[in-house]
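Hello,

Here is the structure we talked about handing over. Please open it alongside this note, and then read on for what turned up.

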Amino acid sequence: MGILPRFDGGKPKKSKPKHKKVPVEVVVRQAVEKLRLPQPVIRTSPNEDHAHVVGVPTWMWVQRSTWAPVTKTAEVPGLRVTATASPRKAVWSMGEGGAVTCTGPGTPYSEKFRPDEQSPDCGYTYRVSSLAEPGRAFVVSVRVMWDVEWHGGGRVGRVPGLVIAAERPIEVDEVQAVVVR
């Protein structure tokens, strides 16, 4: 009367879970790996078409379009993690031994500033000429430090210390004055 015989030994089968539970740390790693942080674009005043001068302030900044948060999400069944990377600081190596740490992208030079004025937040003044260097230029580099904050699976966390770098040559000249009486 509606009862069918069992052919599997009479024991009911256990249902298998549809998917394994993935640890949140694994999905965080996936989200962080998806982040494509922009290569910093080095800007200076004087710009790359002009020589910098010993004793005259150099302004440095990272192009604004490369200094903005980046967000990516990774997902597995039952778990979604979103990671947001934010630039924290720029560490400049000036090629002659000097270094500068800036807590932001720096201020672009504009005509509203005097030519001899120092940058309000990211500048350097060369002490020696680069003319004796290979290519007659110092290799200037910037390393942008990024921190990642993530949330998902009812948890939050931080991944510090991602670094993206760029470099370019800067020619530094020396101006000699001759006093004639």
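Beyond its neighbours within four places in sequence, Ser45 is in contact with His52, Pro57, Thr58, Trp59, Trp61 and Tyr109. Please keep in mind that this is a predicted model.

Where does Ser45 sit? Its place is in strand β1, which covers residues 42-45. Is Ser45 buried or exposed? Ser45 counts as buried, because its relative accessibility is 16% and the cut-off for buried is under 20%.

Now the rings. How many aromatic pairs does the structure hold? There are five. One of them joins Tyr109 and Phe113. Their ring centres are 6.1 Å apart and their planes are at 35°, so this pair is tilted. Tyr124 and Tyr126 also form an aromatic pair. That one is edge-to-face, with 5.0 Å from centre to centre and 85° between the planes.

Tyr109 has a relative accessibility of 24%, so it counts as partly exposed. Phe113 is buried, with a relative accessible area of 15%. Tyr124 and Tyr126 are both buried.

One last point ties back to Ser45. Trp59, Tyr109 and Phe113 form one aromatic cluster. Trp59 and Tyr109 are also among the contacts of Ser45.

Best wishes

Key:
Residues are numbered from 1 along each chain as its sequence is written. This is a predicted model: local features need pLDDT of at least 70, side-chain atom pairs count only at pLDDT 80 or more; totals for chains, interfaces and linings use all residues. Side-chain values use heavy atoms; hydrogens and water are left out. Helices (H or I, at least four residues) and strands (E, at least two) are DSSP runs, numbered from the N terminus. Buried means under 20% relative accessible area, exposed over 50%, partly exposed in between (1.4 Å probe, protein chains only). Contact means heavy atoms within 4.5 Å. Rings of Phe, Tyr and Trp (its six-membered ring) pair if their centres lie within 6.5 Å; planes under 30 degrees apart count as stacked, over 60 as edge-to-face and the rest as tilted.
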